[in-house]
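I opened the model to look up a few local features. My entries follow in the order in which I made them.

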Amino acid sequence: LLMFAAALPAFAQNETTAQQTAPNVIAPELYARANDALQAENFDRAVLDYSLFILLNPTLSFAYYERGYAYFSLNDYEHALEDVSQAIRTSSAAEEAAYNAALYTLRGDIKLQQREIEAAIEDYSQSLEFQQTTTVLFSRSQLYAATMSYEAALTDLNDAIALDDANPVYYVYRGSLNSAMSDRAAAGTDYMEFFRVIQTETRSTQ
């Protein structure tokens with residue numbers, strides 16, 4: 001059941017311009033180059049450029065977050081965890097909710113890769129306090145299911161479906177949960193809904 005996808009949020013890309021033009025940022029061109037490398041998935045180059053930028057700007061939360069994402073993409077979870085934790089510490093209350101949510105989501109993803117399930121759940125929960133997203137609800141649901149907390153897993157899937165009722169994957173997983181909870185009628189309804197959504201998608205693309 002453990003599936004998740006980490007991606008650099010769109011707001012992080014949009015924030016680049018603001019960071020480059022901020023009067024207190026030193027060497028904004030270095031930040032821009034690091035960000036370009038990150039978007040191009042040249043993660044080694046991104047780590048190098050972010051590291052140089054952080055030496056000049058040691059209190060910029062976004063730089064730690066983005067370098068942490070680069071480390072995460074390189075499967076260097078120890079350094080990724082250090083960076084995202086530092087990004088959380090240096091993030092201000094004035095930051096957008098979406099950014100603060102992304103910080104805890106990324107740390108939850110790291111914890112998941114380190115097989116620290118309870119810690120990952122805690123970070124996903126903190127992320128959801130800032131912003132409700134289907135991705136994090138689905139991820140936390142899978143972790144609850146893996147720990148046999150089926151009621152909590154079902155609640156998260158219901159919330160994810162409320163936000164996006166056109167994603168057929170959610171119905172498959174909710175059907176599996178209902179089967180695990182011995183609710184065959186609900187499971188059958190979910191599987192039928194899965195096929196309905198798939199058929200709707202197929203017709204819409206023809």
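**Entry 1: a serine and its contacts**

I looked up what Ser141 touches, taking contact as heavy atoms within 4.5 Å. With its neighbours within four places in sequence left aside, Ser141 is in contact with Ala153, Asp156, Leu157 and Leu177. The model is a predicted one, so I kept to its limits: local features need pLDDT of at least 70, side-chain atom pairs count only at pLDDT 80 or more, and totals for chains, interfaces and linings use all residues. I number residues from 1 along each chain as its sequence is written, and side-chain values use heavy atoms, with hydrogens and water left out.

Ser141 sits in helix H8; helices (H or I, at least four residues) and strands (E, at least two) are DSSP runs, numbered from the N terminus. Is Ser141 buried or exposed? I call a residue buried under 20% relative accessible area, exposed over 50% and partly exposed in between (1.4 Å probe, protein chains only). Ser141 has a relative accessible area of 3%, so I put it down as buried.

**Entry 2: aromatic pairs**

Next I went through the rings. Rings of Phe, Tyr and Trp (its six-membered ring) pair if their centres lie within 6.5 Å; planes under 30 degrees apart count as stacked, over 60 as edge-to-face and the rest as tilted. By this rule I get eleven aromatic pairs. In one of them, Phe62 and Tyr99 have ring centres 4.2 Å apart and planes at 15 degrees, so I list the pair as stacked. Phe62 belongs to helix H4 (residues 61-73) and Tyr99 to helix H6 (residues 97-113), so this pair links distant parts of the chain, 37 residues apart. Phe62 is buried at 2% relative accessibility, and Tyr99 is buried at 1%.

I then checked Phe138 and Tyr170: their ring centres are 5.2 Å apart and the planes stand at 55 degrees, so the pair is tilted. Phe138 counts as buried at 10% relative accessibility, and Tyr170 does at 5%. Elsewhere, ring pairs join Tyr31, Tyr50 and Phe53 into a cluster.

**Entry 3: helix H7**

Last, I looked at helix H7 (residues 117-130), which has 14 residues. From first C-alpha to last it reaches 20 Å, close to the 20 Å expected at 1.5 Å a residue, where the expected span is 1.5 Å times one less than the number of residues. Its buried residues include Ala120, Ile121, Tyr124 and Leu128. H6 and H8 are among the elements that cover the buried residues of H7.
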